[in-house]
Amino acid sequence: MLKRTLALTAGLALSLSAVLAQAAEVLKVSAIPDEAPTELLRKFEPLGKYLQQQLGMDVQFVPVADYPAVVEALATDRLDLAWLGGFTFVQARLKTGNAIPLVQREQDAQFTSKFITADPNVKSLADLKGKTFAFGSVSSTSGSLMPRYFMLKDGIKPESYFSRVGYSGAHDATVAWVQAGKVDAGVLNASVWQKLVDAGKVDTTKVKVFATTPAYFDYNWTVRGTLDPALAAKIKKAFLDLDPANPEHKKILDLQAASRFIETNPDNYKGIEEAARAADLLK
């Protein structure tokens, strides 16, 4: 009986070890839901296959319901790698104390937001006083935090300046709201705006850009602080090795709206933390 019990215990231990080993061989990746879920998955699939080849392990995309869910999943080790906006990274860093930004796109060092409208009489924010306005997600760096910060610096408090402030939840949704006349104007990240224009998904005879924010740091790929440093280094190298001169790599970079990836560090996002505190979005 004792031998059978010991054998059973040993078997369970081996099974548990196998399960844990299998789990360790899967890199769980996600992204803030700043676009439609189908679009996020379409953009990730070629990158996921590339990372799988470079890392020699399975790569799984894990959709999340909202921005806070990405932060929580990183904090509880349910995600290994995530595409974050600057503000979401600041939240993740403050919550975990050790989230590590690995790389950003070259343009993320000089990112901007675009103010758009379908009203031909709107030429500046001064023409929007008393009208309706849309941000993206409340946790979006380019769709909410930084545009709000720059407006506040110009003496515009959105909740009292506009007749109504709404949150569309995503950059493409903001464009849809403006184009449909649901709001008089809105703001979104410059990269998504250009992508929608290039894809013919916005009627530029109706919807126009009337202002652009100053530049700021934005998106990055972040790993949880408890990830094996050797694996984190391999992930960083995989991104840095993406070469636009390589046709297969160029396809991946194009889907990420990236010319190339460059290294980044937590200090790049101190300005965003300051903006968040100024907007009373961090306690």
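**View 1. Packing of helix H7 against helix H8 in the predicted model.** His171, Asp172 and Val175 of H7 are in contact with Val192, Trp193 and Leu196 of H8, where contact means heavy atoms within 4.5 Å. By class, this contact divides into four nonpolar residues, one polar and one charged; Ala, Val, Leu, Ile, Met, Phe, Trp, Tyr, Cys and Pro count as nonpolar, Asp, Glu, Lys and Arg as charged, and the others, Gly among them, as polar. The axes of H7 (residues 171–180) and H8 (residues 190–198) are 9 Å apart, and the two helices pack at an angle of about 60°, which makes H7 oblique to H8. Axes here are lines fitted to C-alpha atoms, for helices over the stretch in contact, with angles running from 0 to 180 degrees between N-to-C directions; angles under 35 degrees count as roughly parallel, over 145 as roughly antiparallel, 65 to 115 as roughly perpendicular and the rest as oblique. The crossing of H7 and H8 is right-handed, a crossing being right-handed if the near helix is turned clockwise from the far one by less than a right angle, and left-handed if anticlockwise. The structure is a predicted model, in which local features need pLDDT of at least 70 and side-chain atom pairs count only at pLDDT 80 or more, whereas totals for chains, interfaces and linings use all residues. Residues are numbered from 1 along each chain as its sequence is written, and side-chain values use heavy atoms, with hydrogens and water left out.

**View 2. The crossing of helices H5 and H11.** The axes of H5 (residues 141–153) and H11 come within 9 Å and cross at roughly 70°, and the two helices are therefore roughly perpendicular to each other. Their crossing is left-handed. Thr141, Leu145, Met146 and Tyr149 in H5 meet Ile272, Ala275, Ala276 and Ala278 in H11, a contact that comprises seven nonpolar residues, one polar residue and no charged residues.

**View 3. The largest nonpolar core and the surroundings of Phe239.** A nonpolar core is a set of buried Ala, Val, Leu, Ile, Met, Phe, Trp, Tyr and Cys residues joined through side-chain atoms within 4.5 Å; buried means under 20% relative accessible area, exposed over 50%, and partly exposed in between, with a 1.4 Å probe and protein chains only. The largest such core has 55 residues, of which Leu27, Leu51, Leu81, Trp221, Ile235, Phe239 and Phe261 touch the most other members. Helix H2 (residues 37–55) supplies the largest share of this core, six residues. When residues up to four places away in sequence are not counted, Phe239 touches Leu47, Leu51, Leu81, Val103, Trp221 and Phe261. A second, separate core has 13 residues, including Val122, Leu125, Leu128 and Met151.

**View 4. Positive phi values at Asp77 and Asp280.** Asp77, in the loop between helix H3 (67–75) and strand S3 (81–84), has a phi near 60°, a positive value in a residue other than glycine. Asp77 is partly exposed, with a relative accessible area of 40%. Asp280, in the segment after helix H11 (270–278), also has a phi near 60°, and this residue is partly exposed, with a relative accessible area of 48%. Helices (H or I, at least four residues) and strands (E, at least two) are DSSP runs, numbered from the N terminus.
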